[in-house]
Amino acid sequence: MYVLILFVVAAAWLFYGGFLWWRDASLAKRGVALNARVMSHETSDGSIFYPVLGYTYQNMYYEKRYHIGDKKKYATGETLCVKILPEKPEKPELEGVSNRRTYLFSIVVGCVSFLFGIWLCFR
């Protein structure tokens with residue numbers, strides 16, 4: 001039973017890593033660069049800041065809290081460059097920010113978990 005759980009966990013890590021890899025590759029290939037203005041800030045515990053970005057794409061205005069917190073507090077009104085996918089303009093990514101470490105870590109953990117599960121099956 002525990003081996004089956006290990007395989008499910010491995011599959012989840014691999015799926016998550018694959019999704020992040022696909023998102024980074026899609027942004028690099030088809031992403032549209034836009035200028036976004038920091039409209040305000042939200043904070044989780046007083047030290048991690050989430051900028052609220054306002055930008056226009058195809059005559060539609062979007063205002064979205066950026067999903068990754070940062071210790072750097074961007075000034076209200078500061079202009080940042082973001083990339084969006086044309087089919088999902090409501091999900092901006094800061095230009096130059098990559099999920100490479102996260103998806104590589106997820107894929108490695110998924111592969112190690114999968115191989116460990118195979119080893120447990122045959123020992």
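Modeller: In this predicted model, five strands form an open sheet in the order β3-β2-β1-β4-β5, and the pairing is antiparallel. β3 and β5 stand at the edges. Each of these two has a single partner strand, so one side of each lacks a neighbour in the sheet. On average, neighbouring strands are turned by 40° against each other, direction ignored.

A helix lies against this sheet. α1 packs on the sheet and touches β1 (32-43), β4 (79-85) and β5. The direction of α1 makes about 105° with that of β4.

Now go through the sheet pair by pair. Strands of a sheet pair through backbone hydrogen bonds, either parallel or antiparallel. Strand β2 covers residues 49-57 and runs antiparallel to β3, with six bridges joining the two. Within this pairing, Gly54 stands opposite Glu63 in β3.

Next comes β1 with β2. Six bridges join these two antiparallel strands. Arg37 has Gly54 as its bridge partner in β2.

In β4, Thr79 is the bridge partner of Arg37.

The last pair is β4 with β5. These strands pair in the antiparallel sense over three bridges. Val82 has Leu94 as its bridge partner in β5. A hairpin through two residues joins β4 to β5.

Side chains of opposite charge can pair when their charged atoms come close. The structure holds two salt bridges. One of them joins Glu93 to Arg23, with the closest N and O atoms 4.0 Å apart. The pair links distant parts of the chain: Glu93 belongs to strand β5 and Arg23 to helix α1, 70 residues apart.

The largest pocket holds about 220 Å³ of space. It is lined by 15 residues, and the closest to its centre are Arg23, His67, Lys91, Pro92 and Glu93. Three elements each supply at least two lining residues: α1 (2-30), β3 (60-65) and β5 (88-94). Both edge strands, β3 and β5, therefore contribute to the lining. By class, six lining residues are nonpolar, three are polar and six are charged.

Conventions
Residues are numbered from 1 along each chain as its sequence is written. This is a predicted model: local features need pLDDT of at least 70, side-chain atom pairs count only at pLDDT 80 or more; totals for chains, interfaces and linings use all residues. Side-chain values use heavy atoms; hydrogens and water are left out. On a 1 Å grid over the protein atoms alone, a cavity is a set of points where a 1.4 Å probe fits but cannot get out, and a pocket is an open set with protein on both sides within 12 Å along at least five of seven lines; lining residues have an atom within 4 Å of a point. Grid points are joined across faces, edges and corners, and a volume is the space filled by probe spheres set on the points. Helices (H or I, at least four residues) and strands (E, at least two) are DSSP runs, numbered from the N terminus. Ala, Val, Leu, Ile, Met, Phe, Trp, Tyr, Cys and Pro count as nonpolar, Asp, Glu, Lys and Arg as charged, and the others, Gly among them, as polar. Two strands pair if DSSP finds at least two bridges between them. Axes are lines fitted to C-alpha atoms, for helices over the stretch in contact, and angles run from 0 to 180 degrees between N-to-C directions. Contact means heavy atoms within 4.5 Å. A salt bridge is a side-chain nitrogen of Lys or Arg within 4 Å of a carboxyl oxygen of Asp or Glu.
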